[in-house]
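Colleague: Could you take me through the fold of this chain, with the criteria behind each term?

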Amino acid sequence: MKNFNEFIQKFNSFYQNKAGLTRKYKQQYQIVTGRDELLGILNWCKQNSFYHLANITCVDWIEDEEFELVYNLWSYEFKVGCLFKIRIPRAKPWAPTAFELWGQAQVYEQEIHEFFGVYFPGNPDLSSLFLHNWHDLPPLRKDFDPLEYSRQAYTVEGLGVKPEYEPEVEPEDNSEGRKS
Amino acid sequence: MNKNVYMTNLRDERQNAWEGILNYFRKRSMWMLYYCTGCGAVELPPTMTTRFDMERFGMGPMATPRQADLLLITGYLSVKTLKRVIRSYEQMQDPKYLVGFGSCPINGGIYWDTYPVINHLEMFLPVDMSIAGCMPRPQAILDSFEKLRDEIQEGKAVGYKRYEKHYDWYKANQDKVLNREEAILQPWEDPFADKPTLEALQAEDKIEKGKDK
């Protein structure tokens with residue numbers, strides 16, 4: 001393909017019913033698809049010069065009860081970036097892994113699994129990456145309260161820390177009470 | 001804050017006369033190990049190089065904890081790094097001093113309400129000197145080192161003795177954070193704990209879509 005306009009024409013002829021391609025900024029386009037069409041379209045774009053996967057992120061739309069996965073692609077040929085967006089239900093979130101297409105997708109998906117609880121079937125390693133000994137909700141979900149967690153997990157009152165030694169307590173002064 | 005809880009940075013240990021002589025020499029050659037977890041490390045190169053020239057006080061960088069006297073915590077500490085800091089501190093030989101840089105080791109700093117960052121370093125390790133600021137300028141760092149030298153001479157910087165004396169107390173606090181076994185707010189029940197395959201999930205999806213119609 002020689003230029004990006006040709007890419008748009010071919011994309012629309014192939015995937016017009018399944019995905020929408022719109023322009024966001026000067027050199028950034030976005031493609032909104034569904035979960036079933038994701039891998040096919042990613043594969044097609046990879047073969048047509050969008051072969052750099054820069055990042056995968058996740059957005060928690062708690063009011064819509066949905067997660068949004070965003071795949072950042074870049075084309076060195078067209079000098080154009082492309083955002084792939086899919087929405088998945090929040091109750092039982094899963095998405096097919098892009099590990100087969102890009103090797104680096106494995107760590108991005110591992111991170112999203114750790115911080116949002118999204119499951120990627122086919123990903124070889126979804127173990128904990130950053131958090132130490134974590135048992136609570138995945139922390140980047142909107143219904144997780146980091147302030148309350150920090151209060152209970154790391155402060156003096158939350159941990160129930162007692163002084164190193166018992167200080168000598170002075171007896172309370174009751175002289176005012178006696179006068180009355 | 002509960003009034004019955006006293007923070008642990010109480011200078012309750014004193015040193016004898018012979019150690020006073022030793023302290024005279026100790027304060028003149030301090031080798032630093034800096035634990036560059038946070039942003040405070042950027043203030044160290046100007047402190048060490050020609051303009052402020054830390055070496056005129058006999059201080060210099062050291063590669064390993066076993067040969068260092070001074071441990072600098074330069075910034076915030078997450079739980080994962082706290083484990084490594086404790087290990088480094090326990091590897092150092094007596095006498096050893098610990099300096100917390102900036103507001104993060106004091107009270108959490110701008111990370112006071114986040115989920116992985118601890119709030120008070122004093123609950124887990126004995127802090128000899130804290131430098132306020134976000135981040136402290138080289139002048140403040142040199143000023144605090146001056147004060148630390150005075151405190152070493154006077155026998156007040158005895159965090160390592162406090163750590164030995166109240167080891168159970170420090171260890172209990174460390175265990176509360178590092179070896180936590182239960183959820184704090186709400187336990188996480190993973191809906192995919194039994195790891196279904198892609199085909200099973202897609203089949204389940206089709207059934208649910210059929211129900212909606």
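The questions and answers below go from the chain as a whole to its sheet.

Modeller: This is a predicted model, in which local features need pLDDT of at least 70 and side-chain atom pairs count only at pLDDT 80 or more, whereas totals for chains, interfaces and linings use all residues. Residues are numbered from 1 along each chain as its sequence is written, and chains are lettered from A and ligands numbered from 1 in the order in which they are written.

Colleague: How many helices and strands does chain B have?

Modeller: Helices (H or I, at least four residues) and strands (E, at least two) are taken as DSSP runs, numbered from the N terminus. From the N terminus on, the elements of chain B follow the order α-β-α-β-β-α-β-α-β-α-α-α-α. The secondary structure of chain B amounts to 8 helices and 5 strands.

Colleague: In what order do the strands of the open sheet lie?

Modeller: Two strands pair if DSSP finds at least two bridges between them. In chain B, β1 and β2 pair in the parallel sense over 3 bridges, β1 and β3 over 4 bridges, and β3 and β4 run parallel, joined by 5 bridges. The edge strands of chain B are β2 (59–61) and β5 (129–131), each pairing on one side only. The order of the open sheet in chain B is β2-β1-β3-β4-β5.

Colleague: Which residue is the bridge partner of Y35(B) in β3(B)?

Modeller: β1(B), which covers residues 30–35, pairs with β3(B) in the parallel sense. The bridge partner of Y35(B) in β3(B) is I73(B).

Colleague: Why is β3(B) described as largely enclosed by the rest of the structure?

Modeller: A residue is buried if 20 or more other C-beta atoms lie within 10 Å of its own, exposed if 12 or fewer, and partly exposed in between, with C-beta atoms placed from the backbone. From β3(B), L70(B), L72(B) and T74(B) point one way and L71(B) and I73(B) the other way, and all are buried. Strand β3(B), residues 70–74, is largely enclosed because its buried residues number 5 of the 5.
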